[in-house]
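Please have the structure open while I talk.

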Amino acid sequence: MQVLHEIFGKDWEASYTSQMQSEATRAIEDGKIVLLPQLTFALSSEEEIFFSTEFSHPKFKNISFNPQTGLVRGAKCDVVHQAALKNMMARYAKNASQLMSSLFPHYRNTIKIGRTSFRPIEIYGRIPKSYRKDDTRLHVDAFPMSPTQGKRIFRVFTNVNPYGKERIWRVGEPFADVAKQFLPRVKKPWPGRAAILSALRLTKSYCTDYDYAMLQIHNLMKRDLAYQKSATQEEVRFLPNTSWIVQTDSVSHAAMSGQFVFEQTFYLPVESMAYPHLSPLRILEKLAGRNLA
Ligand code: SIN
Ligand code: FE
C-alpha cells in the first residue's frame, strides 16, 4: 500500500482546492499519512534555546501544552523560559488548527483540539519504563487514562530538527489486518471495571468496550516481538522542515529515531468522518458483531 499522500502547502495559512481537500480526506481516513514536504514551523532566534534537552523534566517524555487551559507540563525551567515555551507551543497549536481547518473544512464544527507537544528527547536509545511505553514498537495509539469512546485521534507533526536529522518511523499493516489478528486475543473487561475506573478518576472519561479493546490491542501488539518483526511494514523517513498528519489510532506506527518534533492532537467524532466505516470503532464492531461504544 502507498503510505504517503503528499500535499504541497508552503505555509500554515495556505488554502486548498476542494479536490485537494477531498483527496486528502479520502487518504487520511483510508489510513494514509498526509505529508506536507514544504511545511515547517519556524522558531524565532530567542526560541532556538529550546533545541536542547535541558528544559525537559526527567520524569516526562515530552513537554506538553493544553491550549484550553494554557498550562505547560513536563518542563523544568524558570518563569521566563516557561512563558516563552508556552508562547511557542500556543503558536504551533494555532498553526496546526489552521491547517486542519483549511484542509478538512467539513471537520471544522465537530473537531476538538487536544494537547500540543514538543519532543526534544532523542528517541533512539531512550529506555522506556515498560514495553507498553515503548513507542519504537509498532502500535496503534490508545491511552489508559484518556478513553476516546471511539473518537478519532488526528495528529499533526512537524520535524524541526536543526541538525538535518530525519524522524524515522516504521509504518505497519492497515487497521483491518491489525484488528483481525489481535481482536480474537482481546479479553472481555470484568463487570463494573469502567464504572470503578471513572469513579476513582483513573480515567478522564468513561472507558467503553471500544477503549478497552483498543488498549489491549495496543499492548498486545507491543508485547508480541514475533509480530514486531514479521508484520508487513515499511520505513518512512520524515525530513527536517516537513510536516505530516496521521490518524494514530488506526495507522500502526513505531518511532525509531529523531529529535525535536512538534505535535498537535485533535479528536473527531466517528460520525463526522466522510467514510465512518473505515474507523477503528466500526471495523472492530463489525468483527465483534456487536456495539462497542
Ligand atoms: C508515537 O506516537 O508513537 C510517537 C511518534 C513520534 O514522536 O514521532
Ligand atoms: Fe504512538
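Let me begin with a single contact, keeping in mind that this is a predicted model: an N or O atom in the side chain of H139 sits 3.0 Å from an oxygen atom of ligand 1. As for area, ligand 1 taken alone exposes 260 Å², of which the protein buries 96%.

Which elements give two or more residues to the shell around ligand 1? They are β7, spanning 167–171, and β10, spanning 253–257. The residues surrounding the ligand include R167 and W169, as well as H253 and A255, and among the others are D135, D141 and F157. Sorted by class, that shell holds four charged, three nonpolar and two polar residues.

Now to the strands themselves, which belong to an open sheet of three, ordered β8-β7-β10 and paired antiparallel. The edges are β8, residues 234–238, and β10, each of which pairs on one side only, and neighbouring strands are turned by 30° against each other on average, if direction is ignored. Between β7 and β10, which run antiparallel, there are four bridges, and one residue pair deserves a look on your screens: W169 has A255 in β10 as its bridge partner, and both W169 and A255 are among the residues around ligand 1.

Key:
Residues numbered from 1 in each chain as written. Chains lettered and ligands numbered in written order. Predicted model: local features only at pLDDT ≥ 70, side-chain atom pairs only at ≥ 80, totals over all residues. Heavy atoms only, no water. Near = heavy atom within 4 Å. Polar contact = N/O pair within 3.5 Å; in protein donor to acceptor, adjacent residues only side chain to side chain. Areas by Shrake-Rupley, 256 points an atom, 1.4 Å probe, with all protein chains shown as cover. Nonpolar A, V, L, I, M, F, W, Y, C, P; charged D, E, K, R; others polar. Pairing = 2+ DSSP bridges. Axes fitted to C-alpha atoms, helices over the stretch in contact; angles between N-to-C directions.
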